[in-house]
Structure formats: C-alpha cells, structure tokens
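Please look over the sequence and the structure shown below before reading on.

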Amino acid sequence: MLKLSSIKSDKIWGYELWIASTHPNGCQDDFKTFCGGEYPLLVKVIQADDTLSIQVHPDDDWAVKLEGEGNRGKTECWYVLDAKPGAKIVYGIKEGFSNDVLAKAITDNNLEDYLDMVEVKKGDFIFIPAGTVHAIGAGLRLMEVQQSCDLTYRLYDWGRGREVHIEKGLAVIKREEMIPVAPFPKTFDCKYFNMQEIDVKGGWSMICPSGNGPEAVQLLYVLEAGAAVIRGEGLNQTKLCAEDIFAVKPGEKVTIEGNAKIMRIIAK
C-alpha cells in the first residue's frame, strides 16, 4: 500500500491538487511505479476561490478526432468537500438553443444567460459525462474523479481574457439528460469508474481483488477522519487525516481501526 503525496498547481481562481495521477502533465512517479504503468483515472482536489471558466470536455471519440490518436476523453464527477452558503456550479445549458446562438452569446459576452446554475452543499455529488457544459463556482472545495485526461475546451471565461476554444467546444457538446445533483448515494457506477462511500465505525477491512494491470489498483480517499488509523502491506500503522489518499495493490489487505468516512475508487 502506498500513501500518495499531492502535486499542487496554482490557478487564477484558486488551486488544484493532483492527488492520484500518472498523467504526463502531473505524474507522481512513485504511484506510476506502484501501478506498473499508466493508471486510467486522475483524482484531484479543487479549491475554487473564484469561479472557473465555462468548460466542456470531449468524449473518447472526439478526443481522437480533434487531438489525434492516443488521446482519451474526460468523463468526471465531483464530490463537494466544503461549500460556502449559496455556492453554485454551472451544470449544463438551457434547452432550445442552437450552437449558432451559443456562439453569438460567447462573442457577445452574455453566455451566462443560457446556463443552468445549481446551488450545492457539502456532501453533494455531481456526475459530468464528457460533453457536459460545466463550471465550478466560487467558494467550493471538491474532490474530482475523472479519466486520466487533461483536455479542456474553454467556452467562456467571464471576460478574464484567456484563450477560448469555441469551435472545438461547441462541436463536442452533448445535450443529454443529466443526473440531478444530490447527496452521494453511497455507491456510484459508470463506464470508467466505480465509487463506494464507506462509513467506518470501529473498524473495517478489505482485500483488494486480484487483477492485472494498473487499473487493478484501488484508491482509498479519506473524506472524514476521527481517531482512526490504517494498516496495510508496506505501510506501518498510520493515523488517518481528512483528504489522505492511499493506493492498494491487488491481493493486499487493508485495515482501518476507529471512525472515518472513506471513498473507495475503482477504475474500469
């Protein structure tokens, strides 16, 4: 078992911590060695002190069409770790508007009139399939699980002057019904990952299932920690702290003693 150390990236709106990554733009070398190759997911903590740009990510097919072979799309999700009162996200676009209308709104600097805004609170879960228009609002701290991809098409940046990618961004938009924002449902499953929220009350243990390849490695992210410790192969008894993350190899046994809330992340 390996406790991972984050890679910090400062942004104009706050910062990101890449906490489980083998992506070339922010690779944890010890994690890549532990996995034995490229891990298919990327896990982050995002601190948004200001609102992020309006973004959309390509799916697997569009990533190859627009960026070339070897690229993958970016389906992702957010778990709200903390939220100031009234904090919001952009979660999709309003119905009934063509790409031509949206393109004009972008150039006229009034795209916000076409966006769906949703207020969120601590513990909420947001699933963002590739092609979903989205943005994180100010006053939010999130844990993000996503495909290991760093492709972002910025549609709109609130007049901050950074580059936007209107043609590519509008091309990859999908207008599908989305899962309503709600508290995390204890377990979530999609094409790329599975997540399980585990309430540890006194004690808990698991054996990571057998498997081959980097995707067989599982992650344990600490959402909340009381007086709890974790033990596993290659790791002495360690006190748990909120936002710790551990990688577990197939066949390894992990034991937690005490009280904690853990997110188990499984790649597919």
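## Cavity and loop residues

The structure holds one cavity of 30 Å³ or more, where a cavity is a set of points, on a 1 Å grid over the protein atoms alone, at which a 1.4 Å probe fits but cannot get out. This is a predicted model, in which local features need pLDDT of at least 70 and side-chain atom pairs count only at pLDDT 80 or more, while totals for chains, interfaces and linings use all residues. Residues are numbered from 1 along each chain as its sequence is written, and side-chain values use heavy atoms, with hydrogens and water left out.

The largest cavity contains about 30 Å³ of space, a volume being the space filled by probe spheres set on the points, which are joined across faces, edges and corners. Its lining, made of residues that have an atom within 4 Å of a point, includes Ile93, Leu102, Ile106 and Val133.

| Residue | Loop between |
|---|---|
| Glutamate 69 | α2 (60–67) and β6 (76–83) |
| Lysine 186 | β13 (182–183) and β14 (187–189) |
| Glutamate 243 | β18 (235–239) and β19 (245–248) |

Glutamate 69 counts as exposed because its relative accessibility is 71%, with exposed meaning over 50%, buried under 20% and partly exposed in between (1.4 Å probe, protein chains only). Lysine 186 is partly exposed at 40%, and its phi is positive, near 80°.

How values were computed. Helix = DSSP H or I, 4+ residues; strand = E, 2+ residues; numbered from the N terminus. 1 Å grid on protein atoms, 1.4 Å probe; cavity = no way out; pocket = protein on both sides within 12 Å on 5 of 7 lines; lining within 4 Å.
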